[in-house]
Amino acid sequence: PHVPGILARLDRLESHVAPILERVLNNRQHLASVEPYLGEVLERLDDIEPHLPWILDNIDTLAPYTGLLLKHIDELLMYANDDE
């Protein structure tokens, strides 16, 4: 069900495909944690994409909390974008 959303953003995701395959799709536990929220992740990709390298580097810690993190994404992004 997420294929159209992924294809529509494929140009932006291209540089992240290898890490996504390696760290998320090839890990059943991470995939099971992230997949239920994939639609929301795709909807918020404009906000999430600049932080995707950090997210993927820390996926072992973050994946189990995907739903909770998305629930508070606006607040979290305020701190992620804080340069101070």
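Student: Which helix gives the most to the nonpolar patch?
Tutor: In this predicted model, helix α3, which spans residues 17–25, gives the most, with three residues. The patch on the surface is formed by Val 17, Leu 21, Leu 25 and Leu 31, and together these have about 290 Å² of accessible area.

Student: Why is Leu 25 called partly exposed?
Tutor: Leu 25, which is found in helix α3, has a relative accessible area of 41%. Buried means under 20% and exposed means over 50%, with partly exposed in between, so Leu 25, at 41%, is called partly exposed.

Student: What makes the pair of Arg 44 and Asp 74 a polar contact?
Tutor: Arg 44 is found in the loop between α5 (38–43) and α6 (45–48), and its side chain is joined to that of Asp 74 at 2.6 Å. A polar contact requires a pair of N or O atoms within 3.5 Å, and the 2.6 Å value therefore meets that distance cut-off. Not counting residues up to four places away in sequence, Arg 44 touches Ile 73 and Leu 77 as well as Asp 74.

Student: How many helices and strands does the secondary structure of the chain come to?
Tutor: The secondary structure comes to 10 helices and zero strands. As for burial, 29% of the 84 residues in the chain are buried, while the chain exposes about 6,000 Å², of which carbon and sulfur atoms supply 56%.

How values were computed
Residues are numbered from 1 along each chain as its sequence is written. This is a predicted model: local features need pLDDT of at least 70, side-chain atom pairs count only at pLDDT 80 or more; totals for chains, interfaces and linings use all residues. Side-chain values use heavy atoms; hydrogens and water are left out. Helices (H or I, at least four residues) and strands (E, at least two) are DSSP runs, numbered from the N terminus. A polar contact is a pair of N or O atoms within 3.5 Å; within protein, one must be able to donate a hydrogen and the other to accept it, and residues adjacent in sequence count only if both atoms are side-chain atoms. Contact means heavy atoms within 4.5 Å. Patches are made of residues with over 30% relative accessible area and no salt bridge: like charges are joined within 9 Å, nonpolar side chains (Val, Leu, Ile, Met, Phe, Trp, Tyr) within 5 Å. Accessible areas come from the Shrake-Rupley method with a 1.4 Å probe; for residues, only the protein chains shown count as cover. A salt bridge is a side-chain nitrogen of Lys or Arg within 4 Å of a carboxyl oxygen of Asp or Glu. Buried means under 20% relative accessible area, exposed over 50%, partly exposed in between (1.4 Å probe, protein chains only).
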